[in-house]
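Please consult the sequence and the structure as you read.

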Amino acid sequence: MESAKYVSQKISKTRWRPVSYSSLQQPDIFATGSWDNEENKVSVWSIGNLGSSGLEDGFEGDPQLICEQKHDGDVLDLQTMSICKHWARAHRYPSDNAPSTGVACNSPEIVTVGEDGRIIVFRADQEGVVRVIENADSSTLHAVTYLRTTEVLTVNSIGQLKLWDLRQQSNSPSQILSLSRDRVPLYCVDRHPNQQHIVATGGQDGMLCVWDVRQGNMPFSLMEAHSAEMWEVHFHPTNPDHLFTCSEDGSLLHWETSSPSEMPSFLQGGRNSNMTSRSAMAPAGGNQSIISAWLHGDSSKSRLETTHMLPSQTLSVNSLDVLGQCLVCGTDGEAIFVNRQVPV
Amino acid sequence: MEEVDVEPTVTNIPEIRHGKHMGFAWGPGDILVYETHFKPSGYTLSGPGGSFIHKVRKDEDINSPILRKLFNESHHIFVGLQTINDDLPSKSKRPQFISISRNYRSVIRACMEELQQVAVSTRDTEKGTQYGNQVSILLAIELIWNLCEVLFIDAAPAGSLLLHLLDWVRLHKADVDEKAKDVLQSDSPAEHHNYWDVVVSYVLQGRLEEARQMLVKQATLQPASRNMYKLMDSLLSKMPFYNPGGTQTLTEFDVKWRNWHEEVDRYLKDNTFASNRHLELICKILVGDEDTLLEQKELLSTWYHFLVTRLLYSHPTVKPTDLHYYAQSCLTMFLDSRSVQEPLDSILLAAFEFDIYLVIKDCSIVLNNWWFVAHLTDLLDHCKLLQSHNLNFGSNMREFLLLEYASGLFTHHSLWQCAVDYFDHCPELGRACLELQIERVPLDTERKALKVLRICEERQMSEQVRSICKIMAMRALRNNRLGSALSWSIRAKDAAFATLISERFLQDYCAKGTFSDLDLIDNLGPAMLLSDRLTFLGKYREFHKLYGEKRFKEAAKLLLSLMTAKIAPQSFWMTLLTDALPLLEQKEVIFSADQTYELMYCLEELTSSLDTAASGGERPMQEEDVEQTKVELLRLSLARNLAMAIIKEGTVET
């Protein structure tokens, strides 16, 4: 199912080009960004059309390069938008340029964060910077995502999630959440596609944390996922019972959860030996069907399954993206893997 | 010192003018060269010196994007090979080794094909020649590897040996199929000018079925000679081939083959095919006539093809140990006075002589990159074919080659990550080399530093972890990113650095009166315990918070404990005592009598140490005055507080 294509560049980010939900097409074009090269590139690839008949099971077209574009410095994050622009020197230190580590788009607004601890807001139709939140963080901000149209969530090197309300003029976050134990740096964050208060993060210790932003200061569940840094976490955009994570230890995990139908969540409790979890408090409104399966936390009851998606051990998997039934990921072994039959 | 086997190549450095002296410095994989002002006597060249430093690199391949795929894919195969279970005896692992060898070869072939495509399609002639050269090198490499696989890894005994060699030759002589395709696609194949070439080539390669099919076409055109063709057809079909999986023993096969050989010889002596020179030629080949074979030099094109064909038709049961006799004689026969023995030929000859070391040595000299020898040696070592005799610098050959290869990889800006795995599998010197190299990887972004750190931590290289974290922390500190700096020192468990950062925070506080980066200090968590200064910082901030929340009693207790438990540095005591002032001045008694005594004690300790310090140095009058005033204020407040506290504690509530 998986085929590796070696591309002579270490891949730091891959993203599918979005397809409209109405069409039943599977995505076939993705972009990759490279890093650690003397000349880094953003390349666009196409995986061609699947054979129209279902008999062509397992037909794998190699990704073909469509075009590429030079990029100064390592590509640290990619988002797809319909317009393209270049803002130089947005992130900087007093004496030097600082790497920008994360980008989030909510057309036409673009938010970036960087190692200089700044949050910068751009608009696609304006030349200059729209807003800068100086000194948003004393440590490096690693990732950013939109929670609502006016709210963004950032994660940093000291294990904190910060919620920023962009409508307000203040330079401080509206909320800070963190683990009460070791302040492990967090590297990635993703929001549940339907329920905007549920957020998943991953960090240096490879633990997958699911948070409920409305409630309290604590993650809802912690799961041991990887043995090294987790670089990316993604909810499946249309089927959010599925979650994907990739890590420095060379594995890509597919998490599948299903909510049990027998017991209401607040009656479940207990601990699992390799999972620390909190049993759910009954949320306001209490209708079980709205409760996300992710907030149950107890694997034995909510049947959380994990599968490895890559055939064998590779160097670090730096990035993944999933859309429909297609998964693409890029590794430090300079290979791209495409899987077109992800069971979701 | 060994004598040099080949003449060293001369590389001209552009931009350094002729006659100027060059200075140089060795780097890990290259040389830095620059122009000097040195004027040997007699020279009158003058003028400004060149202002460039030139980097001269021997290994071009590492920068080729297509060859990079070779490095990465073979890295994957290499790692897989190392993890094969060592418990099983080598015999049962042989099929695994063979399949790994085939994997390596298929990777080489894939690269070769891609290079070939690019070479053909490029318009730049210089690049085209360069690609072409790389393709021919890869071809040679694959040829050698394949032969090594047949002879060393597969180690086929007599009988199967020839079959494998036949496969080897067939694989590397692809033009026969192309010619055959041309011929078959023409209107009248039997009259195509290449027809007989194709038939003879098939016979030379032992592909008798295909030869027979081709001959049928000729036979239909010449009904008069039908009998001759039928005879030839039957001869070709009756030639025995050894079947390794069958029940026939080698001796039985040998007997059968000799019978067939005698039959063919009889027909030849009877001049059965004399009227058709082509069939006569084929018959002579079948009988194994050396002169006839030599006449087919053009079709054979290489001496090793000649060797295999000769063996096929004269000694099909050749033993591996006898191979080199035939190889040497074939080589000599094939090369006439005009052509010279190429390096490739000597390498193949060494392989036929089963001299693995010579093969590896010659390959190392000829190729400009250690990739081939490193991987091949590693595979042969796993097959237990290399005796572990030590070279005079302490490690065996496999390790030496792997280290050379990996060190070369490390100089590459991107492939260094692959190199790490190679070092891991060099038990003697690998770790030491890795420790040296990993510190020199340039760290441009945090993400790269994290990856390097992960590599070091997995291998318990604590020195390197500390040094890398220190570099990143210093950089963060210089850019005023105190939170980043702190998170780096936490990772390295570097108490000294954490102390440094806390000092910075405290200095900032003294200068500005407020804390910066509250989000960090408020949320230190267990990291606070890393260094005393850091703990103090956290607790001090807590004091401020308690004060802000008007929980004075707790604040007071905390403040006192900071001094009595000696968590606070003495230099800061003045500030702490000054912080205590507003608490002392409150209407309500906050400090108890005991606590007040302790505060006084602290104050006395402080002033006495200040006195001893002041008596030595000169301090400006103003500063002394301020200090004096502060101390006096404190003494006054303390005394007043003591009074109130004693009264309060002595009062009995009614």
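Two residues are in contact when heavy atoms of theirs lie within 4.5 Å. The model examined here is predicted. By this criterion, 51 residues of chain A are in contact with 38 residues of chain B.

**The interface between chain B and chain A**

Together, chain B and chain A bury an area of about 3,700 Å², and carbon and sulfur atoms give 45% of that area. On the side of chain B, the residues that lose the most area to chain A are B:Arg447, B:Lys451 and B:Arg481, which together account for 19% of what that side buries.

The count of salt bridges between the two chains is six. In one salt bridge, the side chain of B:Arg454 meets that of A:Glu229, with a distance of 2.8 Å from N to O. Polar contacts between chain B and chain A amount to 28 residue pairs, with both residues at pLDDT 80 or more.

Which helices of chain B each supply at least two residues of the side that touches chain A? They are helix H1 (65-82), helix H19 (416-424), helix H21 (446-458), helix H23 (482-491) and helix H25 (518-521). The largest share of this side, nine residues, comes from H1(B). By class, the side of chain B that touches chain A has eleven nonpolar, 13 polar and 14 charged residues.

Two packed helices are described by the angle between their axes and the distance between the axes.

| Helix pair | Angle | Distance between axes |
|---|---|---|
| H3(B) and H15(B) | about 10° | 10 Å |
| H19(B) and H21(B) | about 5° | 12 Å |

Helix H3 of chain B covers residues 125-153, and helix H15 of chain B covers residues 343-352. Their angle is about 10°, which makes H3(B) roughly parallel to H15(B), because angles under 35 degrees count as roughly parallel. From H3(B), B:Ala140, B:Leu143, B:Ile144, B:Leu147, B:Leu151 and B:Phe152 meet B:Leu344, B:Ile347, B:Leu348, B:Ala351 and B:Phe352 of H15(B). This contact has eleven nonpolar residues, with no polar and no charged ones.

The angle between H19(B) and H21(B) is about 5°, and these two helices are therefore also roughly parallel to each other. Here B:Trp416, B:Gln417 and B:Val420 in H19(B) meet B:Lys448, B:Lys451, B:Val452 and B:Ile455 in H21(B). The residues of this contact divide into four nonpolar, one polar and two charged.

Definitions and conventions:
Residues are numbered from 1 along each chain as its sequence is written. Chains are lettered from A and ligands numbered from 1 in the order in which they are written. This is a predicted model: local features need pLDDT of at least 70, side-chain atom pairs count only at pLDDT 80 or more; totals for chains, interfaces and linings use all residues. Side-chain values use heavy atoms; hydrogens and water are left out. Buried area is the accessible area (1.4 Å probe) that two parts lose on being put together, summed over both. A salt bridge is a side-chain nitrogen of Lys or Arg within 4 Å of a carboxyl oxygen of Asp or Glu. A polar contact is a pair of N or O atoms within 3.5 Å; within protein, one must be able to donate a hydrogen and the other to accept it, and residues adjacent in sequence count only if both atoms are side-chain atoms. Helices (H or I, at least four residues) and strands (E, at least two) are DSSP runs, numbered from the N terminus. Ala, Val, Leu, Ile, Met, Phe, Trp, Tyr, Cys and Pro count as nonpolar, Asp, Glu, Lys and Arg as charged, and the others, Gly among them, as polar. Axes are lines fitted to C-alpha atoms, for helices over the stretch in contact, and angles run from 0 to 180 degrees between N-to-C directions. Angles under 35 degrees count as roughly parallel, over 145 as roughly antiparallel, 65 to 115 as roughly perpendicular and the rest as oblique.
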